[in-house]
Amino acid sequence: MDELTGQGPLRFKPLYMERVWGGTGLNTHLGRELPSGNPIGESWEVVDRPEAQSLVEGGFLDGWSLNQALMEHGTFLMGPGWKKNRPFPVLVKWLDCQQRLSLQVHPPASVASELGGEPKTENWYVAATEPDASLIVGLKDGVSKEYFEEALHEERLEECVHKFDVQPGDSILVESGRLHAIDAGNLILEIQQNSDTTYRVYDWGRVGLDGQPRQLHVEESMQCIDFNDFEPTPQRESESVTSPKVLADCKEFRITRHNLLTGHEMSFEAGIQPRLLHIVEGQLQDKASGSVIVRGDNVLLPYSVSFDLVADKKSLVLVTDGFFEKTRQNS
């Protein structure tokens with residue numbers, strides 16, 4: 001395992017997804033070289049699904065798919081009890097939202113299998129915004145299922161949903177069953193349960209890249225929406241706060257925010273749990289390998305390796321852990 005121990009943080013090649021609501025923000029904000037053609041709305045940073053696989057970049061595992069790495073070295077990467085046939089439990093994306101996304105919901109576990117889907121809880125971290133950017137999450141106080149159905153039929157759902165302004169640094173947990181839409185002008189880091197089941201209840205009269213209206217899933221959505229979820233609020237944290245801040249703590253994962261000044265260090269002990277590291281601002285250097293993790297990078301810190309990282313400049317870092325239940329009790 002010496003080769004793996006010296007691997008350093010696992011980096012992955014981004015998978016860019018065309019979306020009707022996307023643009024070129026991943027280039028503008030993160031310096032990414034994007035494929036030409038249709039707008040890019042999503043960059044899948046860490047993914048292990050049948051239809052999409054992250055490939056490791058650099059080190060001993062260079063070119064390996066995440067699934068292959070887990071099949072061959074799952075215990076080293078994830079810890080004791082990891083089963084070879086299990087997919088990586090978290091999916092990480094950058095979202096460049098130049099237009100409003102559809103109004104949608106993900107199925108709760110209680111109805112997901114009945115509908116042929118997968119539950120999906122996700123967290124949005126707002127990394128950058130344009131003026132007047134907003135999010136839509138949950139319902140306005142007092143909106144009933146009956147009123148919502150009537151408004152949907154009459155195409156006036158705007159009056160039913162909870163819309164609020166956002167700024168960089170805002171974060172909100174979108175659990176399965178929570179109605180939501182990302183409005184235009186947001187660059188968001190989405191950390192989510194490994195699922196790709198989304199039901200669109202309304203798409204604001206828009207057409208897709210093919211010029212045709214996009215498919216809606218009204219019947220499924222109405223079975224999934226939590227009609228007791230009124231006016232949730234995001235977490236908002238000042239950049240001047242240097243102590244770690246828990247942004248989300250659910251059964252699927254935990255996310256912690258760290259503001260680091262130049263020269264500050266982050267240390268992670270081996271044998272506790274695997275972790276994902278997300279660089280929102282600045283950059284870190286791995287003292288053992290010398291590799292630099294820069295803004296926009298999302299890397300995996302294996303269970304079996306200790307890491308000492310130092311901020312080369314003022315940095316904002318998110319850490320996701322608690323996504324493998326066999327190790328969560330030791331966190």
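Helices and strands here are DSSP runs, numbered from the N terminus. Keep that in mind for every element I name. One caution as well: this is a predicted model.

Let me start with a loop. Glutamate 231 sits between helix H6, residues 218–224, and strand E16, residues 245–249. Its phi is positive, about 45 degrees, and it is not a glycine. Is glutamate 231 buried or exposed, or something in between? Partly exposed, with a relative accessible area of 38%.

Isoleucine 225 has a relative accessible area of 7%. The cut-off for buried is under 20%, so isoleucine 225 counts as buried. Now look across to leucine 139. Along the chain, isoleucine 225 and leucine 139 are 86 residues apart. Their C-alpha atoms are separated by 9.8 Å.

Aspartate 229 and arginine 178 form a salt bridge through their side chains, 2.7 Å from N to O. Why does this pair tie together separate parts of the chain? Because aspartate 229 is in the loop between H6 and E16, while arginine 178 is in the loop between strand E12 (171–174) and strand E13 (180–182). Those parts are 51 residues apart in sequence. Both partners are out of the way of solvent by our cut-off. Aspartate 229 is buried at 10% relative accessibility. As background, side chains of opposite charge can pair when their charged atoms come close.

Here is one between neighbours on the list. Arginine 49 pairs with glutamate 51, and the closest N and O atoms are 2.7 Å apart. Arginine 49 is buried, with a relative accessible area of 11%. Glutamate 51, at 49% relative accessibility, counts as partly exposed.

Next, arginine 295 and glutamate 281. Their side chains meet in a salt bridge at 3.3 Å, N to O. This pair links distant parts of the chain. Arginine 295 is in the loop between strand E21 (292–294) and strand E22 (298–301). Glutamate 281 belongs to strand E19, residues 275–281. Arginine 295 is partly exposed, with a relative accessible area of 26%. Glutamate 281 is partly exposed too, at 32%.

Some bridges share partners. Which residues do they join into one network? Arg19, Glu42, Lys93 and Glu190.

The largest pocket has a volume of about 370 Å³. Its lining has 21 residues, and the closest to its centre are Arg19, Trp21, Glu42, Gln104 and Thr198. So much for the centre. By type, the lining divides into six nonpolar, six polar and nine charged residues.

Helix H3 covers residues 66–78, which makes 13 residues. Its end C-alpha atoms are only 12 Å apart. A straight helix would reach 18 Å at 1.5 Å a residue. Where is the kink centred? On glutamate 72, and the kink is about 85 degrees. The buried residues of H3 are Leu66, Ala69, Leu70, His73, Gly74, Phe76, Leu77 and Met78. Just after H3 comes glycine 79, with a positive phi of about 110 degrees.

There is another positive phi to see. Aspartate 132 has one of about 70 degrees, although it is not a glycine. Aspartate 132 lies in the loop between strand E9 (122–129) and strand E10 (134–139). At 73% relative accessibility, aspartate 132 counts as exposed.

Last stop, leucine 189. This residue is found in strand E14, residues 186–193. Leucine 189 is buried, with a relative accessible area of 0%. Its C-alpha is 6.5 Å from that of valine 126. In sequence, leucine 189 and valine 126 are 63 residues apart.

To recap: H3 has a kink centred on glutamate 72. Nine charged residues are in the lining of the largest pocket. Over to you.

How values were computed. Residues numbered from 1 in each chain as written. Predicted model: local features only at pLDDT ≥ 70, side-chain atom pairs only at ≥ 80, totals over all residues. Heavy atoms only, no water. Helix = DSSP H or I, 4+ residues; strand = E, 2+ residues; numbered from the N terminus. Expected span 1.5 Å × (residues − 1). Bend = angle between axes of the 7 residues up to and from the residue. Buried < 20%, exposed > 50% of the residue type's maximum accessible area, 1.4 Å probe, protein only. Salt bridge = Lys/Arg side-chain N within 4 Å of Asp/Glu carboxyl O. 1 Å grid on protein atoms, 1.4 Å probe; cavity = no way out; pocket = protein on both sides within 12 Å on 5 of 7 lines; lining within 4 Å. Points joined across faces, edges and corners; volume = space filled by probe spheres on them. Nonpolar A, V, L, I, M, F, W, Y, C, P; charged D, E, K, R; others polar.
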